[in-house]
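Biologist: I am new to this structure. Please walk me through how to read it.

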Amino acid sequence: MSGPFGGRRIALGISGSIAAYKAADFASKLTQAGALVDVLLTKGALEFVTPLTFRSLTHRPVITDLFDINSPDAVEHVAIARDIAALIVAPATAQMITKVALGIADDPLSVTALATNAPLMVAPAMDAGMWDNAAVRAHIETLRERGALIAGPGRGRMASGLHGWGRLLETAELLGYAAMLLGRHGDLAGRTIVVSAGGTSEAIDPVRVITNRSSGKMGYAIAEAARNRGARVVLVTSAGLPDPVGMLVVRVESAAQMRDAVLDACDGADALIMAAAVADYRPAAARADKVKKEEAQELRIDLVRTPDILSEAPRDVVRVGFAAESRDLLANARAKVAKKQLDLIVANDITVPNAGFGAETNKVTLIDRDGNLDDLPLLPKYDVAMRLLDRVAALLSARVGKRPHAGHAH
Ligand code: C5P
């Protein structure tokens with residue numbers, strides 16, 4: 001299976017918090033994404049959820065008791081510590097965080113944490129106030145210094161009714177951090193990649209805009225795939241999708257705002273991938289007040305060109321453009337590579353079914369500045385993103401004198 005989790009063996013450690021019920025959804029989504037999930041439950045977790053819940057979702061044995069020598073799973077924890085690609089503790093209680101930080105090993109989860117060399121992700125969950133406790137903070141810092149990825153906690157309402165920091169992150173966020181953890185030493189580690197996504201909105205008046213059908217899905221897939229290969233990502237977006245974790249998200253609306261944000265982010269970046277559908281025209285002047293239909297029977301809006309962001313981007317950044325066309329795809333795309341002086345263009349035939357705007361899949365041809373074509377089949381947008389990033393990684397390593405920044409950490 002493709003994607004960041006296909007065939008990866010992940011130990012999911014669950015400690016005793018009411019948020020343990022959310023871990024069932026996380027275990028299920030990881031399994032659906034192709035991961036082999038070995039669940040470790042502490043005694044505290046068993047008060048909230050059952051082994052059967054997780055065995056049913058993961059189709060794998062669940063480890064609950066290290067010391068029951070009659071259990072076939074009892075010796076398994078040693079093998080698990082050796083074979084896993086990552087250990088994820090979600091939810092991680094204040095007590096479990098303390099144990100792992102101090103190296104106390106007295107339950108299957110803390111033993112595995114001590115025994116494994118696999119990268120560690122810790123997703124804290126605790127009642128309001130506990131997260132601010134100096135002891136908890138000190139142990140979290142210890143884990144972070146040792147290289148653990150700390151995912152959350154989020155802010156909001158706790159089961160106790162209190163509000164504050166301490167909520168376990170949502171499944172989608174946990175999945176994002178887990179994918180980032182698995183790929184943190186990937187081929188884009190130490191690189192900064194700027195990605196733009198979504199269609200811009202150009203104001204007519206305070207209420208109305210001119211926009212286009214771009215959903216932002218292709219750009220988000222590229223940003224997430226780059227993050228999952230170790231890159232530091234800046235996502236400049238005008239799309240309405242939720243913020244992906246593990247990257248800097250800059251929200252903009254208009255082409256002018258996108259230009260400023262993208263050019264800012266390009267300072268010191270290695271690559272710019274412009275997946276956004278930037279408006280080519282905007283109303284010459286946005287009206288200060290709402291246009292009333294009583295004003296006139298007909299309304300004319302003067303449009304002026306927007307600045308071309310790609311053409312303005314610094315030349316020492318690898319620049320990738322998109323060409324969404326409904327006809328003469330390759331000829332138009334080739335002309336754009338030359339005109340905008342691009343390193344690569346993603347030619348996107350928007351007339352193909354299940355490709356382009358709003359779709360989950362895309363059908364593209366990659367064209368480089370020498371005119372070489374790479375005609376990709378219809379693929380999920382994440383897979384298109386990975387194929388595109390293969391080319392970006394190759395372009396980056398071919399550049400002389402620009403090496404990844406050493407010692408980069410998220
Ligand atoms: O010229 P055209 O708009 O078809 O080119 C598309 C590519 O150029 C896309 O990558 C798009 O993000 C980028 N673009 C830009 N600035 C604009 C318009 C498009 O960077 N004003």
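Modeller: Start with the sheet. Eight strands form an open sheet in the order β13-β12-β9-β14-β17-β18-β20-β21, with mixed pairing. Strands here are DSSP runs of E with at least two residues, helices are runs of H or I with at least four, and both are numbered from the N terminus. Two strands pair if DSSP finds at least two bridges between them.

Biologist: Which strands stand at the edges?

Modeller: β13 (248-251) and β21 (373-375) do. Each has a single partner strand, so one side of each is left without a neighbour in the sheet. From one strand to the next, the twist averages 15°.

Biologist: Before we go on, what kind of model is this?

Modeller: This is a predicted model: local features need pLDDT of at least 70, side-chain atom pairs count only at pLDDT 80 or more, and totals for chains, interfaces and linings use all residues. Residues are numbered from 1 along each chain as its sequence is written, and side-chain values use heavy atoms, with hydrogens and water left out.

Biologist: Back to the sheet. In which sense do β9 and β14 pair?

Modeller: Strand β9 (residues 192-197) and strand β14 (residues 271-274) pair in the parallel sense, over four bridges. Within that pairing, Ile193 stands opposite Ala271 in β14.

Biologist: Which strands does helix α10 touch?

Modeller: A contact means heavy atoms within 4.5 Å. By that rule, helix α10 (residues 255-266) packs on the sheet and touches β9, β12 (232-237), β13 and β14. For directions, axes are lines fitted to C-alpha atoms, for helices over the stretch in contact, and angles run from 0 to 180 degrees between N-to-C directions. The direction of α10 makes about 170° with that of β9.

Biologist: And which strands does helix α12 lie across?

Modeller: Helix α12 (residues 329-339) lies across β17 (318-325), β18 (344-349), β20 (364-368) and β21. It runs at about 155° to β18.

Biologist: How many bridges join β17 to β18?

Modeller: Six, and the two strands run parallel. Ala324 stands opposite Asn348 in β18.

Biologist: Is β18 mostly covered or uncovered?

Modeller: First, the scale. Buried means under 20% relative accessible area, exposed means over 50%, and partly exposed is in between, with a 1.4 Å probe and protein chains only. β18 is mostly covered: five of its six residues are buried. For the chain as a whole, 50% of the 410 residues count as buried.

Biologist: Show me single residues. Is Leu388 buried or exposed?

Modeller: Leu388 sits in helix α13 (residues 381-398). Its relative accessible area is 1%, so it is buried. Leaving out residues up to four places away in sequence, Leu388 touches Ile222, Ile273, Val320, Phe322, Leu344, Val346 and Leu366.

Biologist: What does Arg399 touch?

Modeller: Arg399 lies in the segment after α13. With residues up to four places away in sequence not counted, Arg399 touches Arg191, Asp270, Asp316, Val317 and Val318. Arg399 is buried too, because its relative accessible area is 16%. Now compare sequence with space. Arg399 and Asp316 are 83 residues apart along the chain, yet their C-alpha atoms are separated by 9.4 Å.

Biologist: Which residues join through a cis peptide bond at Pro153?

Modeller: Gly152 and Pro153, with omega about 5°. Pro153 is in the loop between β6 (149-150) and β7 (154-157). The bond from Ala90 to Pro91 is also cis, with omega near 0°. Pro91 belongs to strand β4 (residues 86-92).

Biologist: What is the phi of His59?

Modeller: It is positive, about 60°, although His59 is not a glycine. His59 lies in the loop between α3 (51-58) and β3 (62-63). With a relative accessible area of 65%, His59 is exposed.

Biologist: Where is Asp328?

Modeller: Asp328 is in the loop between β17 and α12. Asp328 has a positive phi of about 45°, and is not a glycine. It is exposed, at 53% relative accessible area.

Biologist: How many helices and strands does the chain have?

Modeller: The secondary structure comes to 13 helices and 22 strands. Along its principal axes, the C-alpha trace spans about 80 × 55 × 40 Å.
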